[in-house]
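This note collects comments on the model under review. Please read the points below beside the coordinates.

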Amino acid sequence: MIRPRVSFEAYSDIPAISISRLKELARSPLHYQYQLTVPKESAAMQLGTLAHLLTLEPHRYETDVAIWSERTEAGAMSPRRGKKWDEWRAQHDGKLLVTEDEADTAEAIAEAVRRDAVAMRYLEAGDPEVSMTWDLAGRPCKGRADWITVLDGDPIVVGLKTARDCRPFQFGAAAARLGYPLQWAFYQDGYRAITGIEPRMVEIVVEAEPPHAVVTYVIPDDVLEYGRDEYQRLIRLLEECERAKAWPGPCETEQILTLPSWIYGSDDDITELGLEAT
């Protein structure tokens, strides 16, 4: 089933495997089990959520977002704690709570995306926050695509991500570290399972810091194959943990500590460092 404009709360209540939870298995089954009951939250995630809303669903901004504008005498944002914060948060229950600084940054990010002609080719028409549900070998799965559109008769699943660095090599390294290929393959397979049509996968990446550079990436088949192999491996691991009723951590035995090779440097590196120090 494919349903656009589903709230995050309604999507979260769907009892099925999501790729965000499945990726925790890549760290360890223990982390997967923990995240089932303790969802992740961070300032970066808050900013990403707000940037998504302002870029893809700006009409929701006035009704769904509350902006914390309290500042200290020095002009910094007041901490999000204490009596005043608790009272303000209670008044805006159910809304996305962000600071004034976060709102300014998210607005700048959204504007940067809207100015980018390549990105807007995919965002000019389509549906935001699309909920997908399907079965994989009898197991219910779900995904929440940022945007789905159709170009030249082909369906395209579009993602929108903020990043520190949107350049190809730097973002590629971050994508590998954060498991983005698993998500791209999982969503492509989900859309195909529902519709019988294989969509193209596109990711729009915008830098979180000014000047908010934007790059649009078409996800190639080799990246999708890698992601597919990895998420299917994790599903097999999940099944093994469920059968054994065991959720081990990253290492179950003593380990010998190793450091990355770059820390040892080379003779040339040592010479250059010595010259700079003098």
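The numbered points go from the whole chain to individual side chains.

1. Basis of the comments. The model is predicted, so local features need pLDDT of at least 70 and side-chain atom pairs count only at pLDDT 80 or more, whereas totals for chains, interfaces and linings use all residues. Residues are numbered from 1 along each chain as its sequence is written, and side-chain values use heavy atoms, with hydrogens and water left out.

2. Overall form. The protein chain has twelve helices and nine strands; these are DSSP runs numbered from the N terminus, with helices being H or I of at least four residues and strands E of at least two. Its C-alpha trace spans about 60 × 55 × 45 Å along the principal axes. Of the contacts between residues at least 6 apart in sequence, 66% join residues at least 24 apart, where contact means heavy atoms within 4.5 Å.

3. Surface and burial. The protein chain exposes about 16600 Å², of which carbon and sulfur atoms supply 53%. Accessible areas come from the Shrake-Rupley method with a 1.4 Å probe, and for residues only the protein chains shown count as cover. Of the 278 residues, 40% count as buried. Buried means under 20% relative accessible area, exposed means over 50%, and partly exposed lies in between (1.4 Å probe, protein chains only).

4. Strand pairing. Strand 5 (residues 127-136) is paired with strand 1 (residues 2-3) in the antiparallel sense over two bridges, and R3 has S131 of strand 5 as its bridge partner. Strand 5 also pairs with strand 6 (residues 139-151), again in the antiparallel sense, over nine bridges. Two strands pair if DSSP finds at least two bridges between them. L136 stands opposite R139 in strand 6. Strands 5 and 6 form a hairpin with two residues between them, and A137 in the turn has a positive phi of about 55 degrees.

5. Helix 11. Just after the helix, K245 takes a positive phi of about 55 degrees.

6. Salt bridges in general. Side chains of opposite charge can pair when their charged atoms come close. A search of the whole structure finds 17 salt bridges, each being a side-chain nitrogen of Lys or Arg within 4 Å of a carboxyl oxygen of Asp or Glu. D189, R192, E198, E225 and R228 are linked in a network of such bridges.

7. Bridges from the loop between strand 3 and helix 6. K84 and E70 meet in a salt bridge with an N to O distance of 3.7 Å. This pair links distant parts of the chain, with K84 in helix 6 (residues 83-91) and E70 in the loop between strand 3 (65-68) and helix 6, 14 residues apart. K84 counts as exposed because its relative accessibility is 51%, whereas E70, at 32%, is partly exposed. A salt bridge also joins E100 and R71 (3.2 Å, N to O). E100 lies in helix 7 (residues 100-115) and R71 in the loop between strand 3 and helix 6, so the pair ties together parts that are 29 residues apart in sequence. Both are partly exposed, E100 at 29% and R71 at 33%.

8. The side chains of R114 and E111 form a salt bridge at 3.4 Å, N to O. The two residues are separated by about one helical turn because they are three residues apart in helix 7. R114 is partly exposed at 39% relative accessibility, and E111 is partly exposed at 34%.

9. Is E203 buried or exposed? E203 is in strand 8 (residues 200-207) and counts as buried because its relative accessibility is 1%. A polar atom of its side chain lies 3.2 Å from the backbone nitrogen of L160, and a polar contact of 3.2 Å joins the side chains of E203 and K161. A polar contact is a pair of N or O atoms within 3.5 Å; within protein, one must be able to donate a hydrogen and the other to accept it, and residues adjacent in sequence count only if both atoms are side-chain atoms. Not counting residues up to four places away in sequence, E203 touches residues including F171, W184, V215 and Y217.
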